[in-house]
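Keep the model open as you read.

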Amino acid sequence: EELVFNTFQEYALADKLYRELSLNTDPEISDDEARVILLEQILIKTYTEEDNTRHPVSDSEKDALRIMAEEIRREAVSGEQSFEALMAMYNEAREGSISISALEAPKEVLGLSRDEISEVSESEEGFAIYRCILPVSEQGTQANKERIIALRRQEAFSEEYDEFISGLNLYFNDALWEKTRETDLSCFTADFFEVYSEHFKQ
C-alpha cells in the first residue's frame, strides 16, 4: 500500500510540475498562424524508387517534367481539361486531396481563393499543381491550433527538463527491465492511469 501511495504521489507531483512549466507558454495562436487549407493536387515526381531508395532523375528529365507540369497547369487553368480529369491521369501522389497547415504549405498556395489553381510548385517530391478547395478549414484550423499549443507547451517543458536532467548522474537498469519483461504480466486489477485520472481531475 505504501509503494502504491508513493507512486501516485510522485506521479501527481510530476504532473503538476509539467503543467506549471508548460502552461507558462503563451497559448494565443492566431487563426492565420494555425490556418489549415484544403487542396487537390497533381504531383509529378522527380525521382524513381528502388529498394526503398530514391534516385533523382537527370537534369534533362527534370526539365522535361517541369515542361509537362506547366502544360498540365495550362490545361487546368484554361478549362481545356477539368482538374479532376488531369488529376486522374497524372497525379503520382498517394492522395489527390490533402489538408495542410499554412505554416507548412508551399508559398504558391497561401493566397489562393476557392477553386483557384496554383503556379507550379517545386519540392523534394517533384513538381506539383494545386487547386484550392477551401482556403480556411474551420474544423482543421481549430484542431491545428490545439496541436500547435500542445507542441509549444511540450517544447517549453523540454527546455527546463533537458537542463535539469543534464546535471543528473543516471543510468537505466537494463537487467531489472529485462527481468520485468519476463514476468507474467497478466493482471486484471484497475489500471494506474484510470485510477489517477479519476481522482486527480484537471
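How many bridges join strand β2 to strand β3? Four bridges join β2 (residues 47-50) to β3 (residues 53-56), and the two strands run antiparallel. Two strands pair here if DSSP finds at least two bridges between them. Helices (H or I, at least four residues) and strands (E, at least two) are DSSP runs, numbered from the N terminus. Thr-48 has its bridge partner, His-55, in β3. The two strands form a hairpin with two residues between them. In the turn, Asp-51 has a positive phi of about 55°.

This is a predicted model: local features need pLDDT of at least 70, side-chain atom pairs count only at pLDDT 80 or more, and totals for chains, interfaces and linings use all residues. Residues are numbered from 1 along each chain as its sequence is written, and side-chain values use heavy atoms, with hydrogens and water left out.

Next comes the sheet. Strands of a sheet pair through backbone hydrogen bonds, either parallel or antiparallel. Here four strands form an open sheet in the order β4-β1-β6-β5, with antiparallel pairing. β4 (97-101) and β5 (121-122) stand at the edges with a single partner strand each, so one side of each is left without a neighbour in the sheet. Five bridges join β1 (residues 36-45) to β4. Glu-40 has Ser-97 of β4 as its bridge partner.

α3 touches β1, β5 and β6 (126-134), where contact means heavy atoms within 4.5 Å. The direction of α3 makes about 20° with that of β6. α4 lies across β1 and β6, running at about 45° to β1.

How do the two helices meet? The axes of α3 (residues 59-78) and α4 (residues 83-90) come within 9 Å and cross at roughly 155°. That makes α3 roughly antiparallel to α4, a label for angles over 145 degrees. Axes are lines fitted to C-alpha atoms, for helices over the stretch in contact, and angles run from 0 to 180 degrees between N-to-C directions. Met-68, Ile-72, Glu-75 and Ala-76 of α3 meet Phe-83, Leu-86 and Tyr-90 of α4.

Last, the rings. The structure holds nine aromatic pairs, counted when ring centres of Phe, Tyr and Trp (its six-membered ring) lie within 6.5 Å. Tyr-18 and Phe-157 have ring centres 4.8 Å apart and planes at 70°, so the pair is edge-to-face (planes over 60 degrees apart). Tyr-18 lies in helix α1 (residues 2-22) and Phe-157 in helix α5 (residues 138-166), so the pair ties together parts that are 139 residues apart in sequence.

Note on methods:
Angles under 35 degrees count as roughly parallel, over 145 as roughly antiparallel, 65 to 115 as roughly perpendicular and the rest as oblique. Rings of Phe, Tyr and Trp (its six-membered ring) pair if their centres lie within 6.5 Å; planes under 30 degrees apart count as stacked, over 60 as edge-to-face and the rest as tilted.
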